[in-house]
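The report below accompanies the sequence and the three-dimensional structure. Please read each section with the structure in view.

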Amino acid sequence: MNVISAYRRYYPGTQPRHLHPSYVSSLKRGPLQSPVLLPHTLSEITGPVFGLEVADVKACDLTKQHSGEPLGERIVLSGRVIDEDSRPVPHTLIEIWQANAAGRYLHSVDQHNAPLDPNFTGCGHAMTDAEGRYRFVTIRPGEYPWGNHHNAWRPAHIHFSVFGPAFATRLVTQMYFPGDPLIPFDPIFNCTDDEKARNRLISQFDWETTIPAQALGYRFDIVLSGRDRTPMETHAHGEKT
Amino acid sequence: MSLHATTWQTVGPFFKIGFSWLYRDNLASPEVSGERVEISGRILDGDGKPVPDGILEIWQANSHGKYAHPDDLQEKSIEPGFSGYGRVPTDDEGRFRFTTIKPGRVPGPDGKLQAPHLAVSVFTRGLLRRLITRVYFPDESSNAADFALNLVDTSRRGTLIAKKIDGRPGALEWNVILQGPGETVFFDV
């Protein structure tokens with residue numbers, strides 16, 4: 001019989017609850033009923049696999065997607081995707097999106113009174129290598145106001161989407177910059193109870209990846225759910241194995 | 001000591017910038033075997049208002065009940081060109097639509113086959129992390145014994161089963177009610 005392990009559940013307190021009153025948009029969108037605990041099956045321990053069809057070297061350098069250079073401070077953003085047992089997550093797809101240096105997104109809904117940059121779209125994607133490493137070149141996004149409450153400002157952040165090996169390991173999050181004075185006041189950052197867990201969303205300045213006379217380096221490691229110790233059956237009874 | 005998985009944050013209102021390059025509303029090209037279905041519906045909030053900044057991701061097996069993934073060790077056929085992954089945004093009225101094939105049955109706990117289903121992730125501005133649900137199919141006798149459906153209170157089970165649309169063979173309606181009366185069943189995965 002073939003057996004495969006399920007994935008671990010999130011550690012208590014390390015993930016946001018669905019209803020978080022200080023983040024006003026959650027109030028009418030977060031479910032009121034408790035979620036139904038679903039044991040993992042083949043449907044949850046498998047997930048989309050991306051290969052060469054999504055490879056695009058231009059997609060990991062957000063400063064080279066147009067004829068000119070975008071305005072702003074160039075940065076190198078790199079790190080590793082690993083699981084809770086520190087094992088690398090190889091060849092998995094990472095997508096990022098962000099505002100430009102002035103704090104404006106290239107999106108029809110963003111009405112912030114700040115200029116668009118014709119040389120910056122603000123999106124990229126990359127596959128991790130065999131050791132789970134990834135690397136993007138981009139510009140540091142600007143902070144921007146939003147309508148959540150009076151004088152609300154989002155700290156500078158970059159959105160991350162990571163697939164990992166399974167449906168159960170999907171992650172969408174936001175990465176912040178060290179020393180940003182807006183972080184302690186941000187309802188979205190603060191929606192996670194566990195202080196250490198939310199502080200892990202803050203990237204670290206990194207000399208090793210800083211390119212002299214070119215770009216500061218920031219490091220952001222991403223941890224996906226690890227394998228559970230309990231193996232599960234992946235074949236139906238009576239079927240050939 | 002083990003690490004803890006990174007904390008989720010909302011996709012926010014501007015995910016289209018990062019996600020649109022991989023939108024896939026047709027999961028099965030013509031050569032892929034299986035019964036064609038078109039699934040459409042809306043994402044609605046706790047006031048019944050449409051959610052125009054939402055997105056669904058779909059994950060499913062092929063018509064033989066085999067996932068295109070190395071951890072699916074079943075001796076069943078892979079379908080070339082069928083990855084089982086879809087990604088569709090909502091429009092200004094909160095509507096989404098995708099076409100695919102009805103998946104085959106895959107094993108569940110205790111080696112019993114599950115009823116055909118799609119695994120679905122729901123992302124919207126205002127959701128601090130994704131919501132996870134499933135789409136099952138109408139007129140499917142195996143639904144009655146499906147382990148996941150049977151985890152759900154009978155009064156709410158219907159939120160997981162798509163409905164046929166009269167006069168349009170293969171067309172199914174399935175809505176995501178984020179909150180309140182008729183709230184869709186979401187799973188903790």
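## The surroundings of Thr10(B)

In this predicted model, Thr10(B) has contacts in both chains: once its neighbours within four places in sequence are left aside, Thr10(B) is in contact with Ile188(A) and also with Arg125(B), Gly126(B), Leu127(B) and Leu128(B). Thr10(B) belongs to the segment that precedes helix H1 (16-19) of chain B.

Is Thr10(B) buried or exposed? Because 26 C-beta neighbours fall inside 10 Å, and 20 or more are enough for the buried class, Thr10(B) counts as buried.

## Chain B as a whole

The secondary structure of chain B consists of 2 helices and 10 strands, and along the sequence these elements follow the pattern α-β-β-β-β-β-β-α-β-β-β-β. Of the 189 residues in the chain, 50% count as buried. When contacts between residues at least 6 apart in sequence are considered, 70% of those in chain B join residues at least 24 apart.

With regard to overall dimensions, the C-alpha atoms of chain B fill a box of roughly 55 × 40 × 35 Å, taken along the principal axes. The radius of gyration is 17 Å, which agrees with the value near 16 Å that a compact globule of 189 residues would have.

## A loop residue in chain B

Ser77(B) is placed in the loop that runs between strand E2 (54-59) and strand E3 (85-89) of chain B. Since 12 C-beta neighbours lie inside 10 Å, Ser77(B) counts as exposed; the exposed class takes in residues with 12 or fewer. If residues up to four places away in sequence are not counted, Ser77(B) touches His64(B) and Lys66(B). The C-alpha atom of Ser77(B) is separated by 8.7 Å from that of Asn62(B), a residue 15 positions away along the chain.

## Chain A as a whole

For chain A, the secondary structure comes to 2 helices and 14 strands. Its radius of gyration of 20 Å is close to the 18 Å that the globule rule gives for 241 residues, so the chain is as compact as a globular protein of that length. Along the principal axes, the C-alpha trace of chain A spans about 65 × 40 × 35 Å.

Of the 241 residues of chain A, 44% count as buried. Among the contacts in chain A between residues at least 6 apart in sequence, 72% join residues at least 24 apart.

## Positive phi values in chain A

Two loop residues of chain A deserve a look at the backbone. His91(A), a residue other than glycine, has a positive phi near 50°, and it is found in the loop between strand E3 (74-83) and strand E4 (93-97) of chain A. With 14 other C-beta atoms within 10 Å, His91(A) is partly exposed.

Ala213(A), also a residue other than glycine, has a positive phi near 60°. The position of Ala213(A) is in the loop between strand E11 (204-205) and strand E12 (216-219) of chain A, and with 4 other C-beta atoms within 10 Å this residue is exposed.

## The nonpolar core

In soluble globular proteins, nonpolar side chains tend to be buried together. The largest nonpolar core in this model has 101 residues, and those with the most contacts inside it are Val162(A), Ile222(A), Leu224(A) and Val135(B).

## Where the chains meet

How many residues of chain B are in contact with chain A? There are 64 of them, in contact with 74 residues of chain A. On the side of chain B that touches chain A, the elements giving two or more residues are H1, strand E5 (117-124) and strand E10 (187-188) of chain B. The residues on that side divide into 31 nonpolar, 21 polar and 12 charged.

Strand pairing also links the chains, as 2 bridges join strand E2 (residues 36-37) of chain A to E10(B), and the two strands run parallel. Within this pairing, Leu37(A) stands opposite Asp188(B) in E10(B).

Key: Residues numbered from 1 in each chain as written. Chains lettered and ligands numbered in written order. Predicted model: local features only at pLDDT ≥ 70, side-chain atom pairs only at ≥ 80, totals over all residues. Helix = DSSP H or I, 4+ residues; strand = E, 2+ residues; numbered from the N terminus. Contact = placed C-beta atoms within 7 Å. Rg over C-alpha atoms; globule rule 2.2 N^0.38 Å. Core = buried A, V, L, I, M, F, W, Y, C linked by C-beta atoms within 7 Å. Nonpolar A, V, L, I, M, F, W, Y, C, P; charged D, E, K, R; others polar. Pairing = 2+ DSSP bridges.
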